[in-house]
Amino acid sequence: MRIGVIRHFFETDHRASDATRAGIETALDFFRKEGAEVRDIALSPAADYHAVGYLLMISEAFTLHAPWLRERFADYGELFRDRVCLAATVSGPDILQATRRRRVLCREMAEAMADLDIVVSASQPGEAPRVDSVPKWANMEKPSFTMPFNVTGFPAISVCTGFGTGGLPVAMQLAGKPFTEPTLLRAAHAYETAMPWRGKRPALVG
């Protein structure tokens, strides 16, 4: 197994929590002990992938919801409604440039993974926050860890790597090349079944 680590995604581009980073390092140690070759790789900043993916995502969502938003604007939840309606300010040239940039990023990812089986990154910055503590524009403040694989269409899976200080799960993200889902799932399964995390559940909060 040849594994690339997109370390700058979760160490500098959007620094993940201590527990998340420690969990990823422990997972990489596991893969090394199992005989995998592990090395760092570098891609465009996570913000580049996020800018492209977010613009296209809200534009597609706005196109779908526009007829209903015109008729039932107040029936939508504020957070979703305002995020999607932001796309009303996106122009045709904006979408065209994002689509062009997407092709470049897809090619970059494919070339970086040419001699790799999977890549590893974080899947979230840390433990899940309380839903009432998430700002409306939180998804614009920092780049998403999952967006690079949404943009490229490469298959990815999130796997628990332990628990943070608040008792909630932290995780890593494994991604593979197109149509290599079996390899990706075998790697995730090998790690998950060797770790005690799957037997633990976070406490329910009243």
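1. In this note, buried means under 20% relative accessible area, exposed means over 50%, and partly exposed lies in between, with a 1.4 Å probe and protein chains only. By that scale R198, in the segment after α8 (181-194), is partly exposed, with a relative accessible area of 43%. Helices (H or I, at least four residues) and strands (E, at least two) are DSSP runs numbered from the N terminus.

2. The model is a predicted one, in which local features need pLDDT of at least 70 and side-chain atom pairs count only at pLDDT 80 or more, whereas totals for chains, interfaces and linings use all residues. Residues are numbered from 1 along each chain as its sequence is written, and side-chain values use heavy atoms, with hydrogens and water left out.

3. To stay with R198: leaving aside its neighbours within four places in sequence, R198 is in contact (heavy atoms within 4.5 Å) with E192 and T193. R198 and G162 are 36 residues apart in sequence, and their C-alpha atoms are 9.2 Å apart in space. R201 is also found in the segment after α8, and at 63% relative accessibility R201 counts as exposed.

4. Two packed helices are described by the angle between their axes and the distance between the axes. The axes here are lines fitted to C-alpha atoms, for helices over the stretch in contact, and the angles run from 0 to 180 degrees between N-to-C directions. Angles under 35 degrees count as roughly parallel, over 145 as roughly antiparallel, 65 to 115 as roughly perpendicular and the rest as oblique.

5. Helix α3 (residues 46-72) and helix α5 (residues 92-112) have axes that come within 9 Å and cross at roughly 135 degrees, and α3 and α5 are therefore oblique to each other. The crossing is left-handed, a term used if the near helix is turned anticlockwise from the far one by less than a right angle, with right-handed used if clockwise. On the α3 side the contact is made by D48, Y49, V52, L55, L56 and S59, which meet D94, I95, A98, T99, R101, R102, L105, E108 and M109 in α5. By class, this contact of α3 with α5 has eight nonpolar, two polar and five charged residues, where Ala, Val, Leu, Ile, Met, Phe, Trp, Tyr, Cys and Pro count as nonpolar, Asp, Glu, Lys and Arg as charged, and the others, Gly among them, as polar.

6. Helix α3 also packs with helix α4 (residues 78-85): their axes come within 8 Å and cross at roughly 110 degrees, so α3 and α4 are roughly perpendicular to each other. This crossing is left-handed as well. Y54, I58, A61, F62, H65 and L69 in α3 meet F80, R81, R83, V84 and C85 in α4. The residues of the contact of α3 with α4 divide into eight nonpolar, one polar and two charged.

7. T20, R21, G23, I24, A27, L28, F30 and F31 are buried in α2. After α2 comes G35, whose phi is positive, near 100 degrees.

8. Helices α2 and α8 pack at an angle of about 105 degrees, with their axes 11 Å apart, which makes α2 roughly perpendicular to α8. A27, F30 and F31 in α2 meet A187, A190, Y191 and A194 in α8. The contact of α2 with α8 has seven nonpolar, no polar and no charged residues.

9. T161 lies in strand β4 (residues 156-163) and is buried, with a relative accessible area of 5%. Neighbours within four places in sequence left aside, T161 is in contact with G23, I24, V170, A171, M172, Y191 and W197.

10. F179, in the loop between β5 (169-176) and α8, has a positive phi of about 70 degrees although F179 is not a glycine, and at 77% relative accessibility F179 counts as exposed. P129, in the loop between β3 (118-122) and α6 (138-141), likewise counts as exposed, at 56% relative accessibility.
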